[in-house]
Amino acid sequence: MNRILFVCLGNICRSPMAETIMQDMVEKEGVEADFEIDSAGIISYHEGEKADGRMRNFAYQRGYFITHISRPVTTDDFRHFDYIVGMDDENIRALQSRAPSDSRAQIVRMTDFCREYTTDTVPDPYYGGAQGFTYVIDVLEDACRGMLDFLKEKK
Ligand code: 4NP
């Protein structure tokens, strides 16, 4: 079993998109029974909300349905998930500072799994235009592909 939690700041753009892409990939490969995939935010400001309407629309244009409802990261997430995947340095630092002493999760960077894109961050699209959202999908598709292949090889 691979338990993966994707994390970004608000849990309404990048991490619900990552969760949706990864879930789609494991289902297409018929290996969804081996995975538990979720997402959460560093902040709780958007708790209970659907993903950002722009993110959902751009996702839809690429064949993805985002159904996630925003929630903040909890201390128990560090005890439950194998991988907690941050989208940028700020996310990684916040996660490291919140990890309890009995955390079992490996905190990793989403872009470390990229093979086509050379970048160390999945940039926050919230305050930008359309291009930011499509770029997020492109980078996340690359990173999810890389992460899934890494986990399959590891088995
Ligand atoms: P996300 O984007 O971290 O990709 O979900 C953001 C959404 C909302 C805010 C920041 C980032 N916000 O500050 O409200």
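I count a contact when heavy atoms lie within 4.5 Å. Helices (H or I, at least four residues) and strands (E, at least two) are DSSP runs, numbered from the N terminus. Buried means under 20% relative accessible area, exposed over 50%, and partly exposed in between, with a 1.4 Å probe and protein chains only.

A note on the source: this is a predicted model, where local features need pLDDT of at least 70 and side-chain atom pairs count only at pLDDT 80 or more, while totals for chains, interfaces and linings use all residues. Residues are numbered from 1 along each chain as its sequence is written, and side-chain values use heavy atoms, with hydrogens and water left out.

**Entry 1: helix α4**

I began with α4, residues 89–98, and found N91, I92, A94 and L95 buried. Looking down the axis of α4, I see these buried residues within an arc of 165 degrees (taken from the directions from the helix axis to the C-beta atoms), so they line one face of the helix. On the face turned away from the buried side of α4, I noted the exposed residues R93, Q96 and S97.

Which elements cover the buried residues of α4? The cover includes β1 (2–8), α1 (14–28), α3 (75–80), β3 (83–86) and β4 (106–109).

**Entry 2: helix α2**

In α2, residues 53–61, I listed M55, F58 and A59 as buried. Down the axis of α2 they fall within an arc of 105 degrees, so they line one face of the helix. They pack against α1 and α5 (130–154). Y60 and Q61 are exposed on the face of α2 turned away from the buried side. At the start of α2, a side-chain oxygen of D52 comes within 2.8 Å of the backbone nitrogen of R54. After α2 comes G63, with a positive phi near 90 degrees.

**Entry 3: strands β1 and β2**

Six of the seven residues of β1 are buried, so the rest of the structure largely encloses this strand. In β2 (residues 35–41), six of the seven residues are buried too. I found β1 and β2 paired in the parallel sense over seven bridges, where pairing needs at least two DSSP bridges. C8 has G41 of β2 as its bridge partner.

**Entry 4: the ligand**

Which protein atoms lie 2.8 Å from an oxygen atom of the ligand? I found a backbone N or O atom of G10 and a side-chain N or O atom of R14. For L9, a backbone N or O atom lies 2.9 Å from a ligand oxygen. Taken alone, the ligand exposes 350 Å² (Shrake-Rupley method, 1.4 Å probe), and the protein buries 91% of that.

Note on methods: A polar contact is a pair of N or O atoms within 3.5 Å; within protein, one must be able to donate a hydrogen and the other to accept it, and residues adjacent in sequence count only if both atoms are side-chain atoms.
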